[in-house]
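Thanks for coming. I have one structure to go through this morning, so let me put it up.

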Amino acid sequence: MPGDEASPQTPQTPQPSQPSQPPQTPLAPLAPLARAERFIWLTARVLEQRRFAFHFLGGDADPVDTALGSYLNADGDYGHALDPDLRGPLSQPLHTAHALRVLDSLGRCAGQRVERLCRHLTGVSTADGALPVVFPAPRDYPAAPYHPVHDDPPGELLTTGPVVGVLHRNRVWHAWLFRATDFCWDRVENLRHSHPYEIQSAVAFLDGIPDRARAAAAADRLGRLVREQRLVVLDPVRRAEYPEAPGYAPGERLYPHDFARRPESLARGWFTDAELRRSLDFLASEQQPDGGWPVRRRAWAPGSSLERRPIATLEALLTLRAYGRLPATVSHPGPVPPR
């Protein structure tokens, strides 16, 4: 019938066949170590970048050594905010301890450099042969308010213990060590009341000292003190129930992994397997969305807080790896050195 005819169709140009697209799948989340690596490249100082490459990317020790050398002063000690809590160029004991930990991790805590450092320490120690927390400075360089500056500061286990422990562990022999070691023994064996960071320093001393029997006895007594005075959070889920030390920031508490940073530490014997497992679980869970770990200290300067987080991240990674919670390296090599 008229009008029932089909309308003429416009000829179609043949279209090339399109390859089939695979279904889109969400990207797998980065592993904790890879996330931490990204955080380090985004935020860390050159020193922490080089340390990460050395510890986790198969990097060489020389770039770490070179980066650390930029903090070295003419007196043989270290300054320039190597420890982010003390700003300015002056050599300070907190910088000394930080530098020695880095050199120790490289296996380079020896030689003329350390000999010169010990000579400097001989000239700046207190009357009892120890190191204060902060030396008085001719200028008012910025420092964290929890490190007050005194005109005649006393020697402290907080700074002397880690320095002496690292030097002994590396079999450094220098006259400065005799009195400094006696000072640390006296403080450690006579502690009746303390705070978490001082206990950390005591552990650093005991883990490095050659007299292992005496160190084990002192560590056993310290472990009981730590538990009796509740200086360590044994159950992270109930951490709000543990007291904060005077002067510490809200939430600034220490956990078993903060004292026993390595399985071979004497402080490892203070905690049951379950207590340490909970502590390491908590440490792993503390990694932030940006890949770094938080800093619980009181924030007092933008630069200090920014520089402290990569250091805390490296410490967390090294502790987790020491307990088998991380692979030894990431899946790809580090930056290629220039030719």
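I'll start with R309. Leaving aside neighbours within four places in sequence, R309 is in contact, meaning heavy atoms within 4.5 Å, with F39, Q288, D290, G292, W293, P294 and V295. Its side chain reaches the backbone oxygen of G292 at 3.3 Å. R309 itself sits in helix α12, residues 302–322; helices here are DSSP runs of H or I, at least four residues, numbered from the N terminus.

Before going on, the basis: this is a predicted model, local features need pLDDT of at least 70, side-chain atom pairs count only at pLDDT 80 or more, and totals for chains, interfaces and linings use all residues. Residues are numbered from 1 along each chain as its sequence is written, and side-chain values use heavy atoms, with hydrogens and water left out.

Next, helix α9, residues 212–228. At 1.5 Å a residue, times one less than the number of residues, its 17 residues should span 24 Å, and the end C-alpha atoms are 24 Å apart, which agrees.

Which residues of α9 are buried? Taking buried as under 20% relative accessible area, exposed as over 50%, and partly exposed as in between, with a 1.4 Å probe and protein chains only, they are A215, A218, A219, L222, G223, L225 and V226. Seen down the axis, judged by directions from the axis to the C-beta atoms, these buried residues fall within an arc of 165°, so they line one face of α9. On the other side, A213, A217 and E228 are exposed. The cover over the buried residues includes α7 and α8. After α9 comes R230, with a positive phi near 55°.

Notes
Helices (H or I, at least four residues) and strands (E, at least two) are DSSP runs, numbered from the N terminus. A polar contact is a pair of N or O atoms within 3.5 Å; within protein, one must be able to donate a hydrogen and the other to accept it, and residues adjacent in sequence count only if both atoms are side-chain atoms.
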